[in-house]
Amino acid sequence: MKTIETHRAPANFGYWFVILVGILTVLFSSSSMAQPVKTIDPDKARVVEHWTPERITAAIPRDLAIDSRGLGYMRFPDGRLEPYGHSVAAQAGAHQDAPTPFVKPGGTTDSTPPSITGMTPGNGAIIGDSQKFSALVTDPSGVSSVSFKVWPDNGVAQSFRATHTTGDEWAITLTGFSTGPWNWQVTAKDGAAKGGNTGSSSVVNFIVDTGSGGDTGDTVTNAEWSAGGVVQNAAGRIYFEMPGNKRRTSWVGYVCSGTVAEEGISGRSVIITAAHCVYDDANKAFARNVMFIPNQAGSTANTDLDCSNDPLGCWVPSVGVVDINWTTRTFPDNIAWDYAYYVVSDTDAHLGATASSDALDTAAGSMVVNFTTISVNDGTAGATSPDFTHALGYSYNADPNFMYCAEDMTITGSVNWWLPNCGLSGGASGGPWVQKMDLKTGNGPIVSVNSWGYTTSPGMAGPKLVDTSAECVFLGAKSESLTPVSSLDGEAGYIETCL
């Protein structure tokens, strides 16, 4: 017969109980036991790991532009224009070569005059008594000198020597204008042999309004956003890859901007951006390896792999959502539909710095998207007018700063809003247009996103969100499954057919 031993608690049970409670208290009060374990979906973790410092540095703006013939081009950081969706070379005079630093005249055999683009103020701009004039001037042999000629209609022209500022920009601020129509032109000489080559831009017409002040002191062509507020956190950089060919055998890293939109539902957050930052309309594929970093301008190191030094960390979207008209056409035939959304799960999508919530819209805040009537061409100039609009984004040539332009909004063509003097560069694509911006809170309704520009003049176009399918596509972003229909690269999204 097997004997079963029974162990009784010792008489001093209370003493040992106190010791046990003390040990458990110490264990559970330690940070390793008190803090919940951080989790992220393995597939999303791989996206963050994909963006090594080398890949982030190599990512280029997805910057689309249209020439005077109506043909679309991809604009590269070095100024090259490559045909987009066709094989027609860019027009002569458009920047084809990589910019070179300012140099003294040398001994090259270059016989082509400098390329002159990005003139500000642009055609039709309204200025006041004082204005910064600038242009982008490049040449393979380097730029030797640049001058600006300015004159009123039926008046005498004056020439001013421009100053080389940063990058390819040459500029000077002029004052003392009189009210009425004016003109200006840029002349530039390169550093080629035998005195160099000299070329001039076409004449640009602008209006001076000293009575109302025009947009002087109000119009901002390109400056760092310093007001902070809601838009500082809600807007961020989007890193992603698009296929390099229709077979999807190679992929290229890009960068755009986007903003967390107020959507009013739980379980997901929605980022509004440009469709060309979500779906490759030339190669017919959704982006892959998408990563969103809100307020990356506030990071302590803007181009590394460590999401812990970004103020709010990194988020990995689940799917993208676009209008079918963007996917079945090719830029610029689809510019009316250049709006789209990324959808981010409120769980298992956040990595890096601790945030107040793993729900992106709670942690970063969000901004209302306005799909109703807005102001345009209201006849009153300046920041107090209803149509004064701010456009913001992460301009590539101003990295790592969060940049903005601001001026009265007008129209280009029949399907796009237009900011004629906006100087935001590639990388700002998808960033928000806000009308009206409350400078005290850094907040306001989003009325469009940065979309495209012209190849040889300043300005930024934005798609209309009013009386379009933009709200319908937004509803799709709020309701479609967070799981892509296919796990194949290029298939992580939904195409909305809106009536």
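Reply: A residue is called buried under 20% relative accessible area, exposed over 50%, and partly exposed in between. The model discussed here is predicted.

Me: Is Glu 491 buried, exposed or partly exposed?
Reply: The relative accessibility computed for Glu 491 is 31%. Since buried requires a value under 20% and exposed a value over 50%, Glu 491 counts as partly exposed.

Me: Which side chain does Glu 491 meet in a salt bridge, and how many residues apart are the two in the chain?
Reply: The side chain of Glu 491 meets that of Arg 248, with 2.7 Å from N to O. Glu 491 belongs to the loop between helix 8 (470-479) and strand 34 (493-496), while Arg 248 belongs to the loop between strand 16 (235-243) and strand 17. The salt bridge of Glu 491 is therefore with Arg 248, and this link between distant parts of the chain joins residues that are 243 residues apart.

Me: In which strands do Glu 169 and Lys 132 lie, and how many residues apart in sequence are the parts they tie together?
Reply: Glu 169 and Lys 132 form a salt bridge in which the closest N and O atoms are 3.6 Å apart. Glu 169 lies in strand 11 (residues 169-175) and Lys 132 in strand 7 (residues 130-138), so the parts that the pair ties together are separated in sequence by 37 residues.

Me: Of Arg 75 and Asp 63, which form a salt bridge, which residue counts as buried?
Reply: In this pair the closest N and O atoms are 3.3 Å apart, and it links strand 3 (residues 72-75), which holds Arg 75, with strand 2 (residues 63-66), which holds Asp 63. Arg 75, at 22% relative accessibility, counts as partly exposed. At 12% relative accessibility, the buried residue is Asp 63.

Me: Why is the disulfide of Cys 256 and Cys 277 described as left-handed?
Reply: The sulfur atoms of Cys 256 and Cys 277 are 2.1 Å apart. Cys 256 lies in strand 17 (residues 251-261) and Cys 277 in the loop between strand 18 (268-273) and strand 19 (279-280), so the pair connects parts 21 residues apart in sequence. The handedness follows from the torsion about the S-S bond, so the value that makes this disulfide left-handed is about -70 degrees.

Me: What is the relative accessibility of Cys 405, which forms a disulfide with Cys 422?
Reply: The disulfide has its sulfur atoms 2.1 Å apart, and the torsion about its S-S bond is about -85 degrees, so it is left-handed. Cys 422 is buried, with a relative accessible area of 2%. Cys 405 also counts as buried, and its relative accessibility is 0%.

Notes: Residues are numbered from 1 along each chain as its sequence is written. This is a predicted model: local features need pLDDT of at least 70, side-chain atom pairs count only at pLDDT 80 or more; totals for chains, interfaces and linings use all residues. Side-chain values use heavy atoms; hydrogens and water are left out. A disulfide is a pair of cysteine sulfur atoms within 2.5 Å. Helices (H or I, at least four residues) and strands (E, at least two) are DSSP runs, numbered from the N terminus. Buried means under 20% relative accessible area, exposed over 50%, partly exposed in between (1.4 Å probe, protein chains only). A salt bridge is a side-chain nitrogen of Lys or Arg within 4 Å of a carboxyl oxygen of Asp or Glu.
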